[in-house]
Amino acid sequence: MKISADLPQGVTALLFDTARRRRGLEAGMVSTLEERGFAEVVLPIVDYAEPYEPLLTPASRGELYRFVDRDGELLALRADFTPLLARLLAPSLPAGGAGHDRPAPTLELPQRLFYRGDVVRYEEERPGRQREFYQVGAELLGVAGDEAEREMLSTFLTLLEDASAPEREEGAAAGAPPVRVVLGLAGALDPALLAAAARGADPAALTGAVARRERGEVRRWDGEDGVLLAVVEEGVPADPDLLGPDSCRRLRRLLALRDEMSDEFPGVELVVDLAEFAHQVLDPALVDAAGERSYYDGLVFRAYLGHLALPAGSGGRYDSLFARLGAEVPAVGFSFGLERLMADATGRRRSRPTPVGVPVGVEDRDEAEALAQERGLGVER
Amino acid sequence: MIRLALPKGRNLTPTLAAFRTAGVPLSGLEDNGRKLWMELPGEGLGKEGERLEVLILKDKDLPLYVEYGIADLGVVGSDVLEESGAELLVPLRLTEGLSRLSLIGYPGALPEPGAQVRIATKYPRIARRLIAERPWGAEVVELSGSIELAPMLELAEVALDIVQTGRTLEENGLTELETVTGVAPCVVVNRASFQRHRPEINALLQRMEDAGVAA
């Protein structure tokens with residue numbers, strides 16, 4: 001085989017300064033997490049595939065790298081830290097419901113844990129999508145309610161603000177978009193989607209239409225109150241009561257959390273947008289129709305840097321993940337993809353070279369060109 | 001400044017007509033000759049003095065530019081969009097410039113259940129999904145143009161391609177064996193750009209709906 005520096009699709013080697021920057025970013029994040037009382041867990045990159053079968057969606061199953069070991073075991077490369085951590089900890093946590101025959105829990109709660117390492121997922125060949133990427137993430141286990149969400153969102157925003165600070169300043173000067181975190185709630189649109197299903201809508205298709213903001217399709221199935229169209233356009237309805245009592249109560253709490261965090265983190269723009277997370281349904285009828293369920297079941301959030309449509313970090317509440325593994329433990333977590341944090345932290349994009357309509361004499365051409373180049377302008381001769 | 005990606009080819013004319021009818025004239029576009037990247041007055045975008053950057057891109061490349069955030073929004077055929085698999089918001093479909101994606105071939109060439117054929121197309125992903133739902137099997141032959149020639153020269157029994165008027169098929173003795181799906185130029189928006197420019201983008205979409213050029 002000819003020796004070259006070529007690597008498989010979606011895999012990158014970080015050399016020299018890029019490696020130093022990545023390690024620096026990682027060290028800063030780890031330091032912040034440790035200061036906040038999070039303890040590191042080091043998890044294997046190869047695991048049995050079978051325990052995750054009930055947790056997989058058709059999409060996530062297609063992303064897994066699976067193989068049969070020499071002793072016949074079906075193994076998988078680590079595609080996500082959270083289910084792996086949940087599976088390892090569930091036997092040591094309080095059992096949920098009847099029928100779980102297990103010794104008394106040995107792990108004290110709450111637990112604040114963090115991890116770092118590569119995850120490997122099959123991704124189609126597209127810009128910004130790596131097949132191997134490095135994550136730093138954290139989980140808070142055993143704290144219910146708003147308190148846990150406030151703590152984890154605050155930690156997420158601190159890490160995000162710190163990681164993007166130098167580039168943000170530089171980017172702001174260049175007119176770049178701010179760092180933006182979109183907040184939502186799993187299941188918040190369930191009542192409106194169920195009502196549309198009762199009017200004849202296909203729930204899976206309508207959920208997709210809301211997520212893609214397809215105005216025509218959403219308008220076709222929306223109720224007289226227009227709540228789904230309002231969510232598609234503005235992220236939240238002007239009157240949260242239209243979402244139904246439970247979703248309304250949850251949305252009001254989320255809006256209050258957003259306001260509180262916006263004051264605390266002025267460098268990050270926080271937006272509540274329920275359409276962004278329309279796929280994250282909780283009602284069993286909607287889950288069945290969609291044919292998959294996300295493991296988030298409460299607060300959900302994603303961070304966007306610059307113009308890239310792929311999030312640099314995401315997280316949320318996932319109590320039901322532990323419940324599906326037999327443990328009764330509230331949990332909130334998040335992770336960052338370090339390649340994306342590094343790739344486009346400035347959010348700048350190349351400006352169009354603008355012809356300068358300034359008449360210049362022949363002797364001045366070099367000076368004009370140098371000046372134009374300095375200012376990112378083009379020269380039309 | 002919002003950056004709009006416009007498609008070269010069959011979707012350009014209906015796209016420009018739709019924007020103009022919606023009150024976004026894109027003045028000066030015609031005067032820019034072969035330029036691929038230009039700045040125009042952003043009339044109709046709702047902000048006084050707003051400018052608009054316009055990119056002229058091949059239909060096939062456009063979803064990538066919008067997904068990657070090089071452009072904030074654009075217009076692309078639903079056929080190309082589906083083939084690309086790009087993660088984009090798709091708020092509207094234009095009401096003009098409609099066509100259909102169809103299986104074409106000589107009359108009677110639609111495969112029988114259990115048959116194994118070759119299918120020529122510019123849309124291999126869509127073709128593979130289609131084959132998975134059919135009682136016949138097919139080898140997908142990816143071509144980049146003149147797809148109608150494939151059944152005529154027996155490179156493939158059938159082709160999967162865009163049909164607008166059907167005149168090319170008629171002139172070559174071919175027929176539309178089955179309409180697979182309707183195709184329309186779609187307004188696509190980058191997810192991050194939608195959050196950033198929400199008021200302007202919503203206003204533009206509303207104007208297009210109000211003008212009846214998109215739904």
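**Domains, core and chain contacts**

Modeller: In chain A, 11 residues of domain 1 are in contact with 9 residues of domain 2. Contact means that the C-beta atoms, placed from the backbone, lie within 7 Å. Domain bounds come from an automatic or database domain assignment.

Colleague: Which element gives the most to the side of domain 1 of chain A that touches domain 2 of chain A?
Modeller: Helix 4 of chain A, with 9 residues. Helices (H or I, at least four residues) and strands (E, at least two) are DSSP runs, numbered from the N terminus.

Colleague: What should I know about the model and numbering?
Modeller: It is a predicted model: local features need pLDDT of at least 70, side-chain atom pairs count only at pLDDT 80 or more, and totals for chains, interfaces and linings use all residues. Residues are numbered from 1 along each chain as its sequence is written, while chains are lettered from A and ligands numbered from 1 in the order in which they are written.

Colleague: Where are the domain bounds in chain A?
Modeller: Domain 1 is 1–175 + 325–349, domain 2 is 187–293 and domain 3 is 354–381. The centres of domains 1 and 2 of chain A, taken over C-alpha atoms, are 27 Å apart.

Colleague: New topic. How many residues has the largest nonpolar core?
Modeller: It has 91 residues, and V210(A), V231(A) and F322(A) have the most contacts inside it. A nonpolar core is a set of buried Ala, Val, Leu, Ile, Met, Phe, Trp, Tyr and Cys residues joined through C-beta atoms within 7 Å. Buried means 20 or more other C-beta atoms within 10 Å, exposed 12 or fewer, partly exposed in between, with C-beta atoms placed from the backbone.

Colleague: Why does this core lie between domain 1 and domain 2 of chain A?
Modeller: Because both domains give residues to this core.

Colleague: Is R213(A) buried or exposed?
Modeller: Buried, with 26 other C-beta atoms within 10 Å.

Colleague: Last one. How many residues of chain B are in contact with chain A?
Modeller: 25 residues of chain B, against 20 of chain A. The chain B side has 11 nonpolar, 6 polar and 8 charged residues. Here Ala, Val, Leu, Ile, Met, Phe, Trp, Tyr, Cys and Pro count as nonpolar, Asp, Glu, Lys and Arg as charged, and the others, Gly among them, as polar.

Note on methods: Two residues are in contact if their C-beta atoms, placed from the backbone, lie within 7 Å.
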